[in-house]
Amino acid sequence: MPGPYRLQIAAENSREEAEQTVTRLVAKHKTSLKGLEPVIEEPQTGNVLFGSMGAAYRVSLGPYQTAVEPGRLCNILQPHGFDCRVVAVTP
């Protein structure tokens, strides 16, 4: 059963950059993902992460039942330049 948490691994300035992040993630860490498919979340009105730099395209994995579950994957990804952050999914 899907849970209310996702592991955000990047917030990019453009769709193209987010797609490049997904490509890099899958190319280097497909085995570690264990079947999880990265999702690109489109920016929404009022959801501006970068202030004057524009809205963020968030790349995340999941869902997870608990906020603790994605910790192992985060430990694998962080040394390779992925910025991990557990986020709660809001309906």
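**Note on the predicted model**

1. Arg24 lies over the face of Phe82, and the distance to the centre of that ring is 4.2 Å. As for rings facing other rings, the count of aromatic pairs in this structure is zero.

2. It should be kept in mind while reading that this is a predicted model. The mean pLDDT of the protein is 87, with 86% of its residues reaching 70 or more. Among the elements of the protein, the highest mean pLDDT, 95, belongs to H1, whereas strand E4 (residues 85–88) has the lowest, at 91.

3. The largest nonpolar core is made of 17 residues, and those with the most contacts inside this core are Leu7, Ile9, Leu25, Val59, Leu61, Leu73 and Leu77. Two or more residues of this core come from each of strand E1 (5–12), helix H1 (15–33), strand E3 (57–64) and helix H2 (71–77). In soluble globular proteins, nonpolar side chains tend to be buried together.

4. Leu25 deserves a look of its own in the viewer. Leaving aside residues up to four places away in sequence, Leu25 touches Ile9, Lys30, Leu33, Pro38, Leu61, Leu77 and Phe82. The Phe82 in this list is the residue whose ring has Arg24 over its face.

5. A search of the whole structure for disulfides finds zero, where a disulfide would require a pair of cysteine sulfur atoms within 2.5 Å.

Methods
Residues are numbered from 1 along each chain as its sequence is written. This is a predicted model: local features need pLDDT of at least 70, side-chain atom pairs count only at pLDDT 80 or more; totals for chains, interfaces and linings use all residues. Side-chain values use heavy atoms; hydrogens and water are left out. Rings of Phe, Tyr and Trp (its six-membered ring) pair if their centres lie within 6.5 Å; planes under 30 degrees apart count as stacked, over 60 as edge-to-face and the rest as tilted. A charge sits over a ring if NZ of Lys or CZ of Arg is within 6 Å of the ring centre and within 35 degrees of the ring normal. A nonpolar core is a set of buried Ala, Val, Leu, Ile, Met, Phe, Trp, Tyr and Cys residues joined through side-chain atoms within 4.5 Å. Buried means under 20% relative accessible area, exposed over 50%, partly exposed in between (1.4 Å probe, protein chains only). Helices (H or I, at least four residues) and strands (E, at least two) are DSSP runs, numbered from the N terminus. Contact means heavy atoms within 4.5 Å. pLDDT is the predictor's confidence in each residue, from 0 to 100.
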